Amino acid sequence: MSTEENAGKILPVNSTTVRVSIPAEVAFDLERFQSVQKDILGRLGCMACCSGWDIRFELQRRFVVDANLNVRDHLSPE
Amino acid sequence: MTPLQDLPELGVGLIYWPRFEGLLRLDELPIDVIEVEPQPFWFPPSAPSEPFRVDRRAFDHLAQLPYRKLVHGVGFPIGGTVAPDPRQLEPFVESIELLGAPWASEHLSFTRVRREHGDEVDAGFLLPPLQSREGVAVAEHNIGLLKEKLPVPVAFETGVSYLRPRAGELPDGAFFSAVATAADCGILLDLHNLWANERNGRQPLLEAVGDLPLDRVVELHLAGGDEFEGYWVDAHSGLVPPELMELARAVVPRLPNLKAIIYEVMPEYLRENRISPARLAEQFHEMRELWDTRGTATATRAAGRGRPGAGTAGLPSPREWETAVASAVMSGRPDGGELADSLRSDPGVAVLRRLVGAVRAGKVADTLTLTTRLLLLTFGESGFRELLEEFWDSVPSEQMASDEAVNFAAYLSGTSTIGDVEHLSDVVRFEVAAHEALMANEPRTVLLSGDPDRLLSALRQGRLPPALEPGRFEVTLTPPR
């Protein structure tokens, strides 16, 4: 997350507090920041009409790297 | 109310998800209509007795898409004894009106059950109703309520069931037929559900279709699925299998009032299964050819046999059934009596338990993504699954993903894990505040103890955060402009 990408501003307030402004969309780990609006929508509501295997946890499991920093898989756009 | 035969002919289309727009160009697909499941675009009520809230940003975006729209409910299925949640009716009507949908549909399933002390609990999945005379009456009552409230005609979706047929139950097609006739409503014929039922040992698709009053079928769903533990599951994970497309070619000419054919696929699977936009377009061309055959062979009897004469005596009541199925399927609910015990011997119940777990894990992973990554990186998959299973045993499922996320965050905060995992408290607070900012459309501020840029950057890249200098960071989460 670059400062430019998240539009964050780090402003020293005093010697012990730093104030930061970050777009809430960052929490959704957007793969393409410019499609923020489209990607966030529909993620906080009900599940879809789908009676099969939900793959979303599996996708996150594959995304993370192991303790040796070996990337198991990656979701970068094809 | 517009009679079913006078509804507009919309053509072919797909269930719409915003994520499609990052994966393909919708305007390059030969589609006429999009179907919207509105509840994913709602927020929880601001108070327990208040209605759910429509996310106007989402509906503004949907409204500008250049297609006719249909509304397909996923929040209050009409097959159970817990009546449709009145807090959902107002935003459902609003969704229909905002999108100009000419009809609306819901599932002939149940998801909520009433416990002994009167409160309701969510089972976390669309579950099959008991196919009995009483079950028909329950659905008729619920559809009647919807018909009173909705400004457009109602259709129910023919559901999938992974359970074995029970002695004395109406066959699938007869049950659907009896409900449609009793409730005097439309049918959303989900051919993939019926095909899954056939493959999993229930009534063959063509036999079930033969039992239906085909003049009530206003909409068709097509989808792809997956093999899962010996079952064919309705995962919306791929292209329509050729065998199913062939069956659709046999069915569609027999449907005199078909108004739309909708394809269902989850956007995550488009990428996972490498379904290219070109292949998708090719399938929509096949669907258009299918569409052109609608009603061309309806000289034969349109109304199905329904086989309504079979008795269903000796079956449990719908409420007993729902309690038992939910008890068998849900985590942490070993009660449910003899019926639940007998259901647990059905291998379909084990499949349902796994699917419910996947949905609940998916909600957490999708809404608390960075928390999920931190826990996966810390505990590994099996350790995190154990944590999730303890959560599921303790806290029932929530329909809304945001509620499930808040519950998981609260659960974590009550365990030693929150203190044992470095930065976990910060990450959870950050993500919950981000949800609040999005739902309220107002900034939210949280206090974190480490540099948020370094902390979040690492998790966004799928890495454990580095050692961070302790500090005091006041982070303001800003909603989208």
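Reply: Let us begin with the salt bridges: over all chains of this predicted model, the count comes to 33 salt bridges.

Me: What makes the contact between A:E58 and A:R61 a salt bridge?

Reply: The closest N and O atoms of A:E58 and A:R61 are 2.8 Å apart, and a salt bridge asks for a side-chain nitrogen of Lys or Arg within 4 Å of a carboxyl oxygen of Asp or Glu, so the pair qualifies. Both residues belong to helix α3 of chain A (residues 56-63), where they are three residues apart, about one turn of the helix.

Me: What does the salt bridge between B:D32 and B:R288 tie together, and how do you know that the pair forms one?

Reply: The closest N and O atoms of B:D32 and B:R288 are 3.1 Å apart, which is within the 4 Å limit, so the pair is a salt bridge. B:D32 lies in the loop between α1 (20-23) and β2 (33-36) of chain B, whereas B:R288 lies in helix α10 (residues 277-291) of chain B, so the pair ties together parts that are 256 residues apart in sequence.

Me: Why is the pair B:R444 and B:E442 called a salt bridge?

Reply: The N to O distance between their side chains is 3.6 Å, and because the limit is 4 Å, B:R444 and B:E442 meet the rule. B:R444, at 25% relative accessible area, is partly exposed, and B:E442, at 42% relative accessibility, counts as partly exposed as well.

Me: Which residues are linked in a network of salt bridges?

Reply: The network links A:R43, A:D54 and A:R56 with B:R19, B:E268 and B:D366.

Me: How do you know on which side of α12(B) its buried residues lie?

Reply: The buried residues of helix α12 of chain B (residues 337-344) are B:L339, B:A340 and B:L343. They cover an arc of only 100° around the axis, which puts them on the same side of α12(B). What covers these buried residues includes α11 (318-329) and α13 (347-367) of chain B.

Key:
Residues numbered from 1 in each chain as written. Chains lettered and ligands numbered in written order. Predicted model: local features only at pLDDT ≥ 70, side-chain atom pairs only at ≥ 80, totals over all residues. Heavy atoms only, no water. Buried < 20%, exposed > 50% of the residue type's maximum accessible area, 1.4 Å probe, protein only. Helix = DSSP H or I, 4+ residues; strand = E, 2+ residues; numbered from the N terminus. Arc of directions from axis to C-beta. Contact = heavy atoms within 4.5 Å.
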